[in-house]
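This report describes one protein chain for a reader who has not seen it before. Please look at the sequence and the model below, then read on.

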Amino acid sequence: MNESGVKKVMDTLEFLSQDREARRLYEERQKYLHDEASMIEWATEKRIAQGIEKGLVEGKIRLK
């Protein structure tokens, strides 16, 4: 991380440590982003598994 990135992080941490409500909102936003990423990952994995299963079924049908 470059020097300006470190300064931005330090400024954000200082701001959040001074304001309880801002920290709560920040934590809620982080949780939302994490949950959203988890849902997308789960859905992607499920669709891949379904695609593989469908491909296997179609492959067996074609072999007959």
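## A partly exposed glutamate

Glu-28 has a relative accessible area of 44%, so Glu-28 counts as partly exposed. On this scale, buried means under 20% relative accessible area, exposed means over 50%, and partly exposed is in between (1.4 Å probe, protein chains only).

The model is predicted: local features need pLDDT of at least 70 and side-chain atom pairs count only at pLDDT 80 or more, while totals for chains, interfaces and linings use all residues. Residues are numbered from 1 along each chain as its sequence is written, and side-chain values use heavy atoms, with hydrogens and water left out.

## Overall form

The protein chain has two helices and zero strands. The radius of gyration is 22 Å, well over the 11 Å that the globule rule gives for 64 residues, so the chain is more spread out than a compact globule. Helices (H or I, at least four residues) and strands (E, at least two) are DSSP runs, numbered from the N terminus. The radius of gyration is taken over C-alpha atoms, and the globule rule is 2.2 Å times the number of residues to the power 0.38.

Along the principal axes, the C-alpha atoms fill a box of roughly 70 × 30 × 5 Å. Of the 64 residues in the protein chain, 5% are buried.

## Surface and charge

Accessible areas come from the Shrake-Rupley method with a 1.4 Å probe; for residues, only the protein chains shown count as cover. The chain carries 13 positive and 13 negative side chains, and the centres of the two sets are 10 Å apart. Lys and Arg count as positive and Asp and Glu as negative, while His and the chain ends are not counted. Each charge is placed at NZ of Lys, CZ of Arg, CG of Asp or CD of Glu.

A nonpolar surface patch is formed by Val-6, Val-9, Met-10 and Leu-13, with about 350 Å² of accessible area together. Leu-13 belongs to helix α1 (residues 3-18). Patches are made of residues with over 30% relative accessible area and no salt bridge; like charges are joined within 9 Å, and nonpolar side chains (Val, Leu, Ile, Met, Phe, Trp, Tyr) within 5 Å.

## Salt bridges

The whole structure holds five salt bridges. A salt bridge is a side-chain nitrogen of Lys or Arg within 4 Å of a carboxyl oxygen of Asp or Glu. One of them joins Arg-24 to Glu-21, at 2.5 Å from N to O. These two residues are three residues apart in helix α2 (residues 20-63), so about one helical turn separates Arg-24 and Glu-21. Arg-24 is partly exposed at 36% relative accessible area, and Glu-21 is partly exposed at 41%. Arg-24 also forms a salt bridge with Glu-28, with the closest N and O atoms 2.2 Å apart. Arg-24 and Glu-28 are four residues apart in helix α2, about one turn of the helix.

Another salt bridge links Glu-58 and Lys-54, whose closest N and O atoms are 3.9 Å apart. Both residues lie in helix α2, four residues apart, which is about one turn of the helix. Salt bridges that share partners join Glu-21, Arg-24 and Glu-28 into one network. Glu-58 is partly exposed, at 32% relative accessible area, whereas Lys-54 counts as exposed at 52%.

## Distances along helix α2

Which helix holds His-34? His-34 lies in helix α2 and is exposed, with a relative accessible area of 53%. His-34 and Asp-19 are 15 residues apart in sequence, and their C-alpha atoms are 22 Å apart in space.

Ile-40 is also placed in helix α2 and counts as exposed at 51% relative accessibility. Lys-60 is found in helix α2 and is exposed at 57% relative accessible area. From C-alpha to C-alpha, Lys-60 and Thr-44 are 24 Å apart in space and 16 residues apart in sequence.
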